[in-house]
Amino acid sequence: MNKTSPLIFKIADQESEFEQIHRLNYRTFAEEIPQHAVNRERRLRDRFHDENTYMICLRDGALQGMICVRGKRPFSLDEKLTDLDAYLPRGSKPCEIRLLSVEKTHRNGKTLLGLLRLLARHCESRGYDPAIISGTLRQTKLYRHLGFVPFGPVVGAPAARFQPMVLTAEAYQNRTVKLLESLAAGSNLKPLINLLPGPVSVAPEVRRNFIQPPVSHRSEAFIADFQQTRRLLCALVGSKHVELLMGSGTLANDAVAGQISLLPGRGLILSNGEFGDRLIDHANRFGLSFDILRADWGGVFGPDQIRRIIDRSARIEWLWAVHSETSTGILNDIGMLKKISTAKNLRLCLDCISSIGTVAVDLHDVYLASGVSGKGLAAFPGLSMVFYNHPIEPAERAIPRYLDVGFYAARGGVPFTISSNLIYALRASLLRRLGENSADEILGLSRRLRARLRAMGFRIVAPDAHAAPTVITIALPETICSDDLGQYLEATGYSLSYKSEYLLRRNWIQICLMGECTEAKLTPLLESLQELSYSLP
């Protein structure tokens, strides 16, 4: 798909456009919906063609979709339904909308939206009221969503059944216009369900703690609460120590890189996705000496691969990897990395930014690990953390003050101003987690969701055996644009991850379960994706 050329919406007026209309009409209403007989020409000229006004969508001159309207009686429904006027308002000026068809490769919402907006302007200019359609049974839910109301019995042949439906001007103004406006607003519409990897939705008690008046980071009461928050974090992951920094996970990984820079010898960095590549960037910026082991995005590392590289270089003394690779949804094997690091006497460092709070994480044998207050911990973003199990002294001039983990440790964890609001929100989230089996619930929900998506024909990047339960990365076929799909789903109330450059480049979209989410809230999303799945190759 050409993702750069614009979609053009217009009323058809060229012979080349009409010829494409006949071809699309055949593919839809003879092959896909067996309403008409097949023919060798694979071309179907509608019997009302000369009276139809066609709204069409073009990209680079190629027809993507169409819909037509006709105001002259008798309508096609006059022939299928006895006494059609009995169902219509007296004295009305009805029109019939027909031949809605969008190429399977472009059933992503944006094409339909543009066609409907153009159709609405045309009907208003002609004073049509109401509009009637023969809605194919498999799309009646969509038509109801747009404001159409069914009337009369189902009509048509057994292989092609249709429900007569009507849309009045009043219903159009009260419902359809608002829907079209919300779809057009796209990202300006407040999402109903947050399925992002961050920021995530947070619980009411977490929000209440965040909006309390700020307190001094030097007050005794705050210091006591701060230390409790540190203890809760360490207990959650089995680490002896943690330092909290004001900033994102990038800051925590910079702090980890700073500590690694104090070590002798070379290291090994593993990368099988975007965030593994970012560890390499952190290391390069600190001038670290290291080897790289790469796997395909969505691939996994085998222990023998890692051992071979370590054995080739006797100077390798540290290993740095991402636990949950958010870009692909792969959950790298901490147990395997620990076993190798212990056997080879390596210092193991981990990016646990997307795993802490979403799966069981045990850091007791880990040299350094990074985390954040958002994502799986379901608090507000703005705090990052470095976990460690060994004494760390201040590095003085070797590392900038703000990145010096030892400097934090020497000052009780609060060497600089830190937001009490963020700390209290994080503490509330950690306390809320005590006694909960949220990880088990997420795992069950994730497994069911993956199974449904695969049954629809979608390809999930991470195999189930190595999947992070909170990140489901879907690799869309070239026939479906991830940007278009993401915007459409966002407009219908679901905020998914699709805007990152690495996702757009690969035509991927993600469903993330890091925040407050239930199976019931996902049902409408699955219904929307079910409609889309008809266009999968």
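The model is predicted, and local features were taken at pLDDT of at least 70, side-chain atom pairs only at pLDDT 80 or more, and totals for chains, interfaces and linings from all residues. Residues are numbered from 1 along each chain as its sequence is written, and side-chain values use heavy atoms, with hydrogens and water left out.

The protein chain contains 17 helices and 21 strands, where helices (H or I, at least four residues) and strands (E, at least two) are DSSP runs numbered from the N terminus. Along the principal axes, the C-alpha atoms of the chain fill a box of roughly 90 × 55 × 35 Å. Of its 537 residues, 55% count as buried; buried denotes under 20% relative accessible area, exposed over 50%, and partly exposed the range in between, with a 1.4 Å probe and protein chains only. Among contacts (heavy atoms within 4.5 Å) with a separation of 6 or more, 70% are accounted for by residues 24 or more positions apart.

The expected span is 1.5 Å times one less than the number of residues in the helix. Because 12 of the 14 residues of α13 are buried, this helix is largely enclosed by the rest of the structure. The buried positions are S420, N421, L422, I423, Y424, A425, L426, R427, A428, S429, L430 and R433.

Helix α7 packs against α13, the two axes coming within 10 Å and crossing at roughly 45°. Axes are lines fitted to C-alpha atoms, for helices over the stretch in contact, and angles run from 0 to 180 degrees between N-to-C directions. The angle makes α7 oblique to α13; angles under 35 degrees count as roughly parallel, over 145 as roughly antiparallel, 65 to 115 as roughly perpendicular, and the rest as oblique. The crossing of α7 with α13 is left-handed, a term used if the near helix is turned anticlockwise from the far one by less than a right angle, with right-handed used if clockwise. On the α7 side the contact involves A221, F222, D225, F226, Q228, T229, L232, L233 and L236, which meet S420, I423, Y424, L426, R427, L430, L431 and R433 of α13. By class, this contact has 11 nonpolar, three polar and three charged residues. Ala, Val, Leu, Ile, Met, Phe, Trp, Tyr, Cys and Pro count as nonpolar, Asp, Glu, Lys and Arg as charged, and the others, Gly among them, as polar.

V237 also belongs to α7, which covers residues 220-237. With 2% relative accessibility, V237 counts as buried. Leaving out residues up to four places away in sequence, V237 touches I356, V361, D362, L363, H364 and F387. The C-alpha atoms of V237 and D362 lie 5.0 Å apart, although 125 residues separate the pair in sequence.

The crossing is right-handed. P303, I306, R307, I310 and D311 of α10 and M336, L337, I340 and K344 of α11 make the contact, which has six nonpolar, no polar and three charged residues.

Helix α3 (residues 110-126) has 17 residues and should span 24 Å at 1.5 Å a residue; the distance of 25 Å between its end C-alpha atoms agrees with this. Its buried residues are T111, L112, L113, G114, L115, L116, L118, L119, A120, H122 and C123. G127, which follows α3, has a positive phi near 75°.

Most residues other than glycine have a negative phi, and most peptide bonds are trans. R42, which is not a glycine, has a positive phi of about 50°. R42 lies in the loop between α1 (15-32) and β2 (53-59) and, at 38% relative accessibility, counts as partly exposed. Phi is also positive for L99, near 55°. L99 is placed in strand β4 (residues 95-102) and counts as buried at 10% relative accessibility. R73 and P74 are joined by a cis peptide bond with omega about 0°, P74 being in the loop between β3 (62-70) and α2 (76-80). A cis bond also joins G198 and P199, with omega about -5°; P199 is found in the loop between β8 (193-195) and α6 (204-210).
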